[in-house]
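Let's take a walk through this model together.

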Amino acid sequence: MTGLIAFREIVLKVHSRCDLACDHCYVYEHADQSWRARPKVISPEVISRTASRLAEHARDHALPSVTVILHGGEPLLAGTARLRLVCEEFSRALSGIAALDLRIHTNGLQLGTRCLDLFAEFGVRVGISLDGDRAANDRHRRFADGRTSHPLVLAAVARLRSAPYRHLYQGLLCTVDVANDPVAVLDALVELEPPRVDFLLPHATWETPPARPDGEPDAYARWLLRIFDHWERLGRPVPVRLFESLLSTLRGGPSLTESLGLAPTDLVVVETDGTLEQVDSLKSAFEGAAATGFNVFDHSLDQVAAHPGVRARQLGLAGVSDSCRRCPVVRSCGGGLYTHRYRDRNGFDNPSVYCTDLRELVDGVEGRTALRETAPQLSDPAELARSQEELTRILLARLNADLAADPDWAHAWKLVAAVERAGEAGADALDAVLDHPFTRTWVLAALDAARDGRPGGPEAARRLTALAAAAVLRGGLDLPAEVAYRDGEVYLPTLGLLRLGEPGTEGRASLRVTDDGYAARDGRSEHRFGPAAGDARWQPVRTWSPGPDAAPVALEDLDPYRNCFPRPPRLRLGAGETEEWRGRLDRAWALLHKAVPGFARAAAAGLTTLTPLAGGPRAGGWGEAGRHGPGALGVPYAAGVRETALALLTGRRRTRLRALTEVTDLYALDGEWQHPSPWRSRPVPVSRLLADVHERVAVEAYRRATAGPEPGGADRIHEALDRLSAAAELTVTGKHLVAELRYELKAVDA
């Protein structure tokens, strides 16, 4: 069947009864009472058949691993013999097909050394239910005669924490009760040093709402935020899945729990009689809510995966209510647990009964952590530059892993390593050539060739030898620098183009540093080249300065990898053309500094390379970013001063946003959500809307200062910013960027 999401997790009910009488248990105390008609203990036949079904499912979907959670009732009541059979059958069935992750969720009362020895043998990890200190635990988790279970649970945890079994300790599960002291609850749980703590909201629906002793709709949020604050004060001593899930989604990452987020469910339940059901919490909604009509003897897991109830919990944003789809925190809360949305009149097409709590909880965690969670690259250009430098090195290391077997590549790589070891001068020189924007272009092209199986190794090795040689020359190093040239020439990144032979010829030459520049030896002949050599065979990279205190910007019209913009680059400019372009750039830069000085300073930060492009300006005169590292910009050579100024401004805005998205998460990429755009006829993804606003704020400022505002321009930007503020895909860093854009627009409006 197409479009199915495979089950990666099975909850196996090995016993349907319990030795506690918890009054908040969804199995025994809520709407669905089907447990009464089921066998107390799972049979060998159900075990064997379920293991076979799971192995079949894992093989058909090529699953690398599957998880089996032993559950109940109280699973330990099944006894060690039956539990051993479960472990043996599933281990046998999955052998050679998928890795098996066995777990058990227990109240711990029967957790003795015999059980733990069995679990150690099969690697079964153990999660224990515990609601906190004794007062909190006794509120619900008691024996039928009212006796406390707390001392017995603590003894079980102590055994689990002991040396032979500590590696099996998975964590503690705590059901929230707002009548308990949250600080005392967390302290009690932390004292037991769990690998993880799960806080679970008590199962409730709109028909059976949760207890709210103070009558307030955000009681659970306030309770959990007190836990969060105490967890923070303690230095986050243990992982708390609820909080880590929120922090992950606020950064643009995935949800880490079924109860939050929009990730599709991949869990199926097997009852003691072999009945296949949906997630167990649905028993809180109504009698038969979890039923599918399938069983392990007659039906495959694919048939369950196609069940409408299962598919409904795999629809992501489309599977939540209309009001949830319009909520800015929906990526984090996911509309809440599916069960908690139930109402008799319209089923599950509602917000969670904990909706107010979830909104307050997400906003509260974001408000408390936004400053720390915001990527430093957003506000610190130096940090953005460092991150980009690191990204280029990561990509280059990946390319080396692909091409290390090529002898020419390996030889050049050794020279790169030698340059890096050659003290500060070598490291600085290597940084300069690696940070050249078109180094990134070359690395990405070479990675594409390696991935697609194309023969890109010789070209990649030639570029690496040239890069290493350029670093040797820049650093004035006494290292052997040999380059391979093709078509009679070799480009030395950041330095220039050296002609070593006639067009169509290939060969190798060694380069070295001299007192007045550089020398190249090809066979028996040697010739000098470089800044002072005056050799016609040497074409240096020319530069332009955007101001008396600014670093020189390379006018890059030589690098063969500059052909990475949407339009083709110009060929090498003549001397007169270069001077003409420099003058036009000077006037354009002066116009920017006069019209929009703040935007001009931001545009200058990090600009290292300008490439002249063929043709005149595009509509609107906007600049172009290509597939390159940060610092490069393509500008139409034939553009006038005003168009060049606008191209510099908008191009730098575009490259800055691209650089940010390459090293930070501004928005989540797990949904094709669309938003109306004031500038486009069709809805667009949040990435496009953000890019449009990011550029148009600067354009609006420029136009107001030079030609008057565009009619309605600011209104459209405000409209787009409002839509972005309500976009659930934005991360904490993305929201800070939107706030930055609002501040910029406010300054423009003033």
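How many bridges join strand 17 to strand 18, and do they run parallel or antiparallel? Strand 17 and strand 18 (residues 553-555) run antiparallel, with three bridges joining them. Bear in mind that this is a predicted model.

Next, the nonpolar interior. In soluble globular proteins, nonpolar side chains tend to be buried together. Here the largest nonpolar core has 98 residues, and Leu12, Phe90, Leu94, Leu111, Phe119 and Phe199 touch the most other members. Helix 8 (residues 219-233) gives the most to this core, with nine residues. Click on Leu94 and, leaving out residues up to four places away in sequence, you'll find it touching Ala51, Leu54, Ala55, Ala58 and Val66. Another core lies apart from this one, with 54 residues that include Ala595, Ala603, Leu745 and Val748.

On to the aromatics: a search of the whole structure turns up 15 aromatic pairs. Take Tyr220 and Tyr354: their ring centres are 5.2 Å apart and their planes are at 85 degrees, so this pair is edge-to-face. Tyr220 belongs to helix 8, while Tyr354 is in the loop between helix 13 (330-333) and helix 14 (355-373), so the pair ties together parts that are 134 residues apart in sequence. Tyr220 counts as buried at 3% relative accessibility, and Tyr354 counts as buried at 1%.

Helix 8 has a part in another pair too. Trp231 and Phe243 have ring centres 5.3 Å apart and planes at 45 degrees, so they count as tilted. Trp231 lies in helix 8 and Phe243 in helix 9 (residues 241-250), so this pair ties together parts that are 12 residues apart in sequence. Both Trp231 and Phe243 are buried. Elsewhere, ring pairs link Phe286, Tyr338, Tyr342 and Phe348 into a cluster.

Finally, look at charges over rings. The charged end of Arg343 sits over the ring of Trp206, 4.4 Å from its centre, and that of Arg584 sits over the ring of Tyr637, 5.0 Å from its centre.

How values were computed:
Residues numbered from 1 in each chain as written. Predicted model: local features only at pLDDT ≥ 70, side-chain atom pairs only at ≥ 80, totals over all residues. Heavy atoms only, no water. Core = buried A, V, L, I, M, F, W, Y, C linked by side-chain atoms within 4.5 Å. Buried < 20%, exposed > 50% of the residue type's maximum accessible area, 1.4 Å probe, protein only. Helix = DSSP H or I, 4+ residues; strand = E, 2+ residues; numbered from the N terminus. Contact = heavy atoms within 4.5 Å. Phe/Tyr/Trp six-rings, centres within 6.5 Å; stacked < 30°, edge-to-face > 60°. Lys NZ or Arg CZ within 6 Å of the ring centre and 35° of its normal. Pairing = 2+ DSSP bridges.
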